[in-house]
Amino acid sequence: MSEGTIDLATFEELKANAGADFVRELVDTFLAEAPAMLDDLRHALAMNDADRFRRAAHSLKSNSHTFGALALGAMARELELGGLRPVQDADGAPLEALTLEYARVARSLTELKRA
Amino acid sequence: MHKGGHGGARLLVVDDNKVNRLLLARNLELQGHHVATAENGRVALEMLRGEAFDLLLLDIEMPEMNGFQVLEKLVNDLQLRDLPVIVTSSLEGLDNVVRCIELGAEDYLTKPVNPVLLKARIGAGLEKKRLRDQQKELVRRFATPEVAQDLQESGFSLGGKRVRGSVMFSDIRDFTPLVESQPPEATIDLLNTYYTLMFNAISGHGGIVSLIIGDGLMAIFGAPLPLTDHCDSAVRAALEMIELIQLFNVDQAAAGKPQIRIGIGIASGEMVAGYTGTNERATYTCIGDTVNLASRLEVHTKIADRSILIDGATRAGLRGDVELDALGPVTFRGKSQPIDVFSVKLGQ
């Protein structure tokens with residue numbers, strides 16, 4: 001279920017503003033682009049590349065907010081503002097949590113897209 | 001280019017994130033605008049230099065060239081610095097907003113952008129652009145390109161600076177009987193043609209016409225932009241003016257219309273150039289002894305019965321291949337010392 005993962009009011013408003021067909025395409029675009037952002041986060045963490053890490057988290061945050069993926073947005077924001085250090089200290093746990101939340105978001109968006 | 005109203009403007013959306021780019025473009029297209037997109041600042045600058053846009057929507061966090069760097073480039077680019085920029089970013093922190101505004105952005109919208117707010121801000125940005133374009137067009141029409149550029153670069157402030165240059169005065173001989181001999185419309189026609197020819201000759205040699213009074217004009221060579229060969233340029237312009245008048249007279253004679261003769265005086269040296277008048281109404285001009293002398297030399301063309309008279313300082317600045325007649329020293333009204341006057345031979 002999408003409840004809790006996607007804020008439906010935000011998602012409906014997006015559809016009302018941009019059109020349902022367009023939003024379907026936009027969801028597809030997000031689902032195609034997001035895995036690369038997650039890869040970017042993992043690589044940046046491995047390479048200790050703070051700029052790349054911040055940019056990828058920033059991008060994911062921005063898109064999450066667009067679709068109403070509030071929890072994912074909040075987690076991405078933590079990574080963007082907190083930087084590499086807390087993630088390194090926690091042995092990558094926040095990134096794992098974010099990856100799991102993204103999987104939920106992807107499922108919800110796919111459902112909502114079909115609805 | 002965008003003209004009147006706020007629909008159908010040409011907008012450029014710059015964002016490295018595809019979802020953001022598509023969504024913003026979609027919102028703007030639904031509002032009736034034409035949208036082009038770029039995925040980073042470098043690509044955006046290339047596009048801005050290649051085609052005209054009415055407004056830029058700029059993301060900040062981007063690879064290759066970020067939004068701050070784009071704003072810095074725009075502010076230093078004479079062609080692009082008036083382009084309204086609305087920053088759309090999900091970057092947090094008031095310092096980022098302040099930095100964008102300080103770098104010349106019109107507005108800062110947080111992503112995801114509310115379409116209603118977006119429409120209002122775009123409308124305001126385009127209205128500013130329209131007013132700026134209108135203002136530039138007015139300046140272009142009523143000022144010379146050099147003065148327009150000077151205004152754009154340095155801004156307007158009353159007051160002058162000392163420059164070295166040459167001043168030219170020119171007017172039509174026996175203009176009053178000419179005016180009385182024909183209908184006023186014919187005189188206006190004749191003046192318009194005359195000014196077109198004179199402006200071409202003067203600007204073609206790097207001078208600017210700073211003043212038009214009736215049938216007379218004043219031109220400056222060497223201000224507001226410095227001109228290395230200002231003496232030579234002024235004299236070359238004068239020779240071309242005489243030549244153009246001769247050609248004009250051939251046409252006039254063929255049409256059974258009156259012919260005209262002009263007298264030109266040129267003096268060179270230091271002068272004070274700048275904007276004079278009031279904050280409400282001002283003009284770019286030069287003042288000083290050099291200007292007075294050029295005016296006296298022009299008046300003296302009638303007495304000496306020559307077309308172009310120059311002073312010693314102008315002669316000293318010539319590059320040597322201009323034929324002159326020395327008319328000897330002349331004492332002008334208001335001058336304590338006699339001035340060496342030279343006549344420029346025509347047809348060189």
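1. Let's start in the sheet of chain B: Leu56(B) has Val85(B) as its bridge partner in strand S4 (residues 85-89). Please keep in mind that this is a predicted model, in which local features need pLDDT of at least 70, side-chain atom pairs count only at pLDDT 80 or more, and totals for chains, interfaces and linings use all residues. Residues are numbered from 1 along each chain as its sequence is written, while chains are lettered from A and ligands numbered from 1 in the order in which they are written.

2. The strand that holds Leu56(B) is S3 (residues 55-58), and S3(B) is covered on both faces. Leu55(B) and Leu57(B) are buried on one side, Leu56(B) and Leu58(B) on the other. Buried here means that 20 or more other C-beta atoms, placed from the backbone, lie within 10 Å of the residue's own. In a regular strand, side chains alternate between the two faces of the sheet.

3. S3(B) has strand partners to look at, where pairing takes at least two bridges found by DSSP. With S4(B) the pairing is parallel, over three bridges. With strand S1 (residues 10-14) of chain B, S3(B) also runs parallel, joined by four bridges; Val14(B) is bridged to Leu58(B) there. Strands are DSSP runs of E with at least two residues, and helices are runs of H or I with at least four, numbered from the N terminus.

4. Between S3(B) and S4(B) comes helix H3 (residues 67-75) of chain B, and the three make a right-handed β-α-β unit. Right-handed means that, with the strands pointing away from the viewer, the path from the first strand over the helix to the second runs clockwise.

5. Which residues touch the most other members of the largest nonpolar core? They are Leu41(A), Leu12(B), Leu56(B) and Val85(B), in a core of 63 residues. Helix H2(A) gives the most to this core, with eight residues. Such a core is a set of buried Ala, Val, Leu, Ile, Met, Phe, Trp, Tyr and Cys residues joined through C-beta atoms within 7 Å.

6. Now for chain A, which has six helices and zero strands. Of its 115 residues, 37% count as buried.

7. Where the chains meet, 15 residues of chain A are in contact with 14 of chain B, contact being C-beta atoms, placed from the backbone, within 7 Å. H3(A) gives the most to the side of chain A that touches chain B, with eight residues.

Note on methods: Buried ≥ 20, exposed ≤ 12 C-beta atoms within 10 Å, placed from the backbone. Contact = placed C-beta atoms within 7 Å.
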